[in-house]
Amino acid sequence: MFAVFRDLIRYNIEFAVGLVLVTIIVIFALLSFFSPVDTTLIYMVAPDMPPSPQYWFGTNSRGQDLFWQMSTAMRNSLTFGIIVATLSRIISLAVGLASGYIGGWVDRLLMFINDIFVAVPIFPVLVLFYFVLRNNLDSLTLAFIMAAFGWPFDARLIRSVALGLKHREFTRHAVFAGMSTPKILLEEHLPYVMPIVFATFMANMLWSIGLEVTLAVLGFTNINLPTIGTMLYWANNHSAMVVGVWWWIAIPVVLIVVTFIGLFLLAVSMNEYIDPRSRLRRMGA
Amino acid sequence: MQGYLWFIGKRALQLLAVIFFGVSATFLVTHLSPISPVESALGRMTARSNSAPEAVQAMREALTAMYGVDEPILQQYLNFWVRLVQGDLGPSMIAFPTPAMTLVMRALPWTVGLLTSSIIINFLIGNLLGALAGYNQNSRLLKGFGVVAMGLQPIPQYIVAFILLIIFGFLWPVLPISGGFSMDVQMGWTWQFAGSVILHSILPAASLVLVGFGGWFLGMRALVSNVVTEDYVTYAELAGVRRNTIVGGYVIRNALVPQLTALAMTLGGVFSGTVIVEQVFNYPGLGSLLIDAVGGGDFSLVLAVGTVSVTAVAVAIFIIDLLHPLLDPRVRAE
């Protein structure tokens with residue numbers, strides 16, 4: 001495992017850059033645990049102060065220190081992304097492995113459902129949920145809803161690998177040794193699809209955080225919980241750009257871009273790791 | 001030919017299933033929620049007026065009759081389908097008494113236009129450049145494109161649109177940032193109107209293209225760099241087939257088949273992106289309509305936008321699937 005990481009860092013510039021960016025963001029998010037202020041309160045410091053040695057990221061029109069605000073927002077957004085990614089990975093693993101290994105009508109039925117989920121445009125659906133739940137839509141509920149829509153692509157990917165594993169020698173050995181189907185899937189096939197799970201985990205986090213930002217900017221989430229999206233919502237709400245509080249917009253945008261590029265580079269380079277042919281070409285073999 | 005018919009039949013069945021489940025889900029989400037459409041509409045209507053209690057009661061009865069919420073849920077569901085087939089989802093609240101369907105149909109061409117043009121631009125540019133980058137792996141220019149695509153592709157649609165809005169709205173105001181066409185232009189088949197529409201669509205389309213093209217570029221590059229190692233490409237090169245023929249006739253054509261599948265699969269996501277971009281640039285499409293409807297608590301309109309978007313995306317995916325046999329003769333022969 002460590003050797004893999006060492007190789008990835010050495011031969012894959014994208015992985016190295018992505019790792020650095022994500023590490024910076026994660027450390028920044030973890031700082032929020034040492035935050036000296038309660039980030040849900042407003043008018044704690046002088047409003048509209050530009051970035052200075054005292055307030056590194058400046059303060060906003062609601063009298064909040066943007067450094068700690070941003071740090072908490074980043075933690076909340078990342079947590080949200082991790083919850084969605086974990087839940088949807090579980091669904092896609094279950095569907096993908098079962099569909100690929102069992103085959104037959106189970107496969108056809110699961111893939112039929114899969115294709116329906118792929119075709120549904122997610123954003124209008126989420127807005128619909130906000131419309132009926134209104135203030136009952138907290139971030140955990142939102143995470144559940146998004147997880148229910150975030151699995152189909154990756155389930156198909158896992159299924160394609162599981163299809164190949166089904167006819168490998170060791171699977172037959174396991175069947176003849178009397179292993180039950182769930183046990184084969186968990187103990188024999190799961191390790192083979194783990195790289196895919198990791199790579200799609202990052203991609204899924206990107207997807208879910210991006211959607212959360214969009215919903216929050218429109219005001220369609222719990223706007224009192226600081227996330228990257230709600231920060232932009234409040235900045236727009238106070239017309240930060242027109243008033244000239246540019247740092248209130250610029251800092252969240254820059255941090256989002258850094259987070260997204262970092263996660264994306266990790267996802268892409270891991271994808272490449274899964275496909276050994278392109279890895280060999282990169283190493284000059 | 002029989003294989004093609006079989007393929008189409010399977011896809012058509014899937015289309016119907018998607019529409020059925022999508023529309024049913026839309027209905028269920030809106031009708032099983034604890035919030036009554038009658039009470040929320042009533043709350044909005046009486047908020048800034050001074051109505052007699054009898055009048056409020058009369059309004060409540062009228063609204064209950066209009067939404068039909070006093071009937072059992074199964075009956076409501078059946079009524080919903082019957083009326084949906086007739087294209088009637090009741091009057092909208094934010095533009096009373098215009099039927100919700102009329103508003104949706106007014107917004108639909110804008111969204112379809114924006115979506116189609118940006119998808120075509122993305123698909124062509126992204127795949128062509130991606131194929132060239134996969135074939136000429138040492139070209140510096142194309143490597144540069146790869147870096148740009150990687151940097152732009154993961155950024156959320158909203159952020160890209162927002163940055164464009166700030167650049168072209170505040171810092172360098174040269175392009176219109178709001179609406180579908182200028183207020184002083186008459187709607188009609190004139191050059192002036194068409195020019196205004198194109199000018200207003202530049203920024204929304206640009207934000208869709210900037211985010212979308214990277215995915216096609218990276219995907220096509222990866223596919224092509226796998227295809228060029230195939231034996232038939234080496235054979236064609238050894239046999240002295242012209243490079244353009246190899247790239248156009250063998251490499252791109254083979255790599256394009258999975259890309260077409262990808263187009264069908266990502267269409268739902270692209271539609272979501274369009275909805276968001278429309279909201280940023282106040283473009284008169286389905287997205288802005290949906291946000292307005294949510295803001296105004298308009299039940300019929302939200303339901304109408306939801307069902308029409310699910311149906312439209314499903315139909316578009318079906319149409320893309322129909323194109324498959326043109327590229328891939330195996331689908332016809334199977």
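This dialogue walks through a few features of a predicted model.

Student: What kind of model is this, and how are its parts labelled?

Tutor: It is a predicted model, in which local features need pLDDT of at least 70 and side-chain atom pairs count only at pLDDT 80 or more, while totals for chains, interfaces and linings use all residues. Residues are numbered from 1 along each chain as its sequence is written, and chains are lettered from A and ligands numbered from 1 in the order in which they are written.

Student: How many helices and strands does chain A have?

Tutor: Helices (H or I, at least four residues) and strands (E, at least two) are DSSP runs, numbered from the N terminus. Chain A has 13 helices and 0 strands, and its C-alpha atoms fill a box of roughly 70 × 50 × 30 Å along the principal axes.

Student: How many residues of chain B are in contact with chain A?

Tutor: Two residues are in contact if their C-beta atoms, placed from the backbone, lie within 7 Å. Here 39 residues of chain B are in contact with 32 residues of chain A. Helices of chain B that each supply at least two residues to this side include helix 1 (2–31) and helix 10 (243–280).

Student: Into which classes do the residues on that side of chain B divide?

Tutor: Ala, Val, Leu, Ile, Met, Phe, Trp, Tyr, Cys and Pro count as nonpolar, Asp, Glu, Lys and Arg as charged, and the others, Gly among them, as polar. The side of chain B that touches chain A has 27 nonpolar residues, 12 polar and no charged.
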